[in-house]
Structures are given as C-alpha cells and as structure tokens.
Amino acid sequence: MRNDVRALRAQHGLSQAALGTALGVSRQTINSIENGRYDPSLPLAIAIAHQFQRTVEEIFHVDD
Amino acid sequence: MSTTELSRRTRLALGIALGLVVVVTLGLVLRRWGPGNMGNGVLQGGFVTILLFAVAAWRTSRRPDRTLTAERALTGAGDERDDAVMTRSAAFVGVLALPLTGLATVALALEAPTEIVMTILLWTELILAVASFVFYSRRA
C-alpha cells in the first residue's frame, strides 16, 4: 500500500520522531510506514489522517 | 511523569523482583536436589536474563526514542509494529519448534547423547528466534 505520509510530514515540518511522539508510536514505525514496509492498523491510519486533517483515503492508496 | 508511565515502571519493577525470587528459589532447590550443576546453570542463566531485561527496561523508561524494537517489545513498551514483529517472530519459532523437537526425540531414541542433543536444540531455537526477529524487524 502506498501512502503520502512522508510528503505530508515534510509539509508540516515534522520530524519522524516528532510525528511518532504525536501519534504514540516509535520513529521506526513512522519510517517503516513511509517506506511502505509496514501497513498501519486502521486506528493508527485514522490517527495519521486526523493529524494531517485529511481522510484515510487521501493519504493511503491501494496498489493496483 | 504520567500515571501510565508510573504504573508501567511499577509493573516492570515487580516483574524483575518476581523473576529474582523465582530464579533464586528454583536455583537453590536444583542445587540441593537437581542433577549435576543444573542449579548453577539456572542461577547464572536466570541472573543474566533478568539483568538484560532490567537494562532494556531502564533504557526504555529513560530514552524510549533511542531504544531498539526488541527492547520495547520485550519490556511491554512497544507500539503496534513492535508487537507485530514480536508476534511474527514468535510464531516462526513456534512452528519450527515442532519438527525440531521431533528430530531431537528421534535422535534421543537412536541413543544420541542427551546433553549434546538438548544443547543443539536449545541453541538452534535461540538462534532462530534472534534471526527471525531481526528479519521481521527489517522487513516491517
């Protein structure tokens, strides 16, 4: 699954560690999500969407 | 310090204290009535394990952002990715433990030396646990 977390994080001027702290997860988890190695749970995906004031579908895209 | 963090530290301290009681009691009992040097092995292995756990717990409490996935997962401070890595790794070892134990049983039935068979079984499972954890941690 692709996502725009890295781009949105950069837009908001957040480091991976800062975003991780805001979401209650580790910096490594943010890094793994950004690199597409880990697909977050639905609650975490919703928390990410809330953080950037977007919907989940606007951030996460299923690979075709 | 938040109430949640205080509660987690209290639980970790209680876990370490309980672990020490179990290791010392079991070690002393086995030193008195167990075969060979089993008691000393339990005491040494138990103390090393508890020491490593205490170090991981201390690091996780002080600088959680600087800790490894394994440290967070083993001390109950992990997030969902840490837990997923731990679960996959444990499942991998669990599945392989069945045929490995079967092989060890066959080896013992063929009168292979018990100590060597058990040592190989133990180290194989430990190495598989570490290797699978590293593998899944890098993949996830």
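**Figure 1. Contact between chain A and chain B in the predicted model.** In this predicted model, 12 residues of chain A are in contact with nine residues of chain B. Helix 3 of chain A supplies four residues to the side of chain A that touches chain B, the largest share of that side. By residue class, the side of chain A that touches chain B consists of four nonpolar, six polar and two charged residues.

**Figure 2. Buried residues of helix 3 of chain A and the elements that cover them.** Helix 3 of chain A spans residues 27-34. Its buried residues are Gln28(A), Thr29(A), Ile30(A), Ser32(A) and Ile33(A). After helix 3 of chain A comes Gly36(A), which has a positive phi, near 75 degrees.

**Figure 3. Packing of helix 2 of chain A against helix 3 of chain A.** Two packed helices are described by the angle between their axes and the distance between the axes. Here the axes of helix 2 of chain A and helix 3 of chain A come within 8 Å and cross at roughly 105 degrees. Because angles of 65 to 115 degrees count as roughly perpendicular, helix 2 of chain A is described as roughly perpendicular to helix 3 of chain A. On the side of helix 2 of chain A, the contact is made by Gln16(A), Ala17(A), Leu19(A) and Gly20(A). Helix 3 of chain A contributes Arg27(A), Thr29(A), Ile30(A) and Asn31(A) to the contact. The residues of this contact between the two helices comprise three nonpolar, four polar and one charged.

**Figure 4. The helices of chain B and the dimensions of the chain.** Chain B contains five helices and zero strands, so that its elements read α-α-α-α-α from the N terminus on. Along the principal axes, the C-alpha atoms of chain B fill a box of roughly 60 × 40 × 15 Å. The radius of gyration of chain B is 18 Å, whereas a compact globule of 140 residues would have one near 14 Å. Of the 140 residues in chain B, 16% are buried. Among contacts in chain B with a separation of 6 or more, 44% join residues 24 or more positions apart.

Methods: Residues numbered from 1 in each chain as written. Chains lettered and ligands numbered in written order. Predicted model: local features only at pLDDT ≥ 70, side-chain atom pairs only at ≥ 80, totals over all residues. Buried ≥ 20, exposed ≤ 12 C-beta atoms within 10 Å, placed from the backbone. Helix = DSSP H or I, 4+ residues; strand = E, 2+ residues; numbered from the N terminus. Contact = placed C-beta atoms within 7 Å. Rg over C-alpha atoms; globule rule 2.2 N^0.38 Å. Axes fitted to C-alpha atoms, helices over the stretch in contact; angles between N-to-C directions. Parallel < 35°, antiparallel > 145°, perpendicular 65-115°, else oblique. Nonpolar A, V, L, I, M, F, W, Y, C, P; charged D, E, K, R; others polar.
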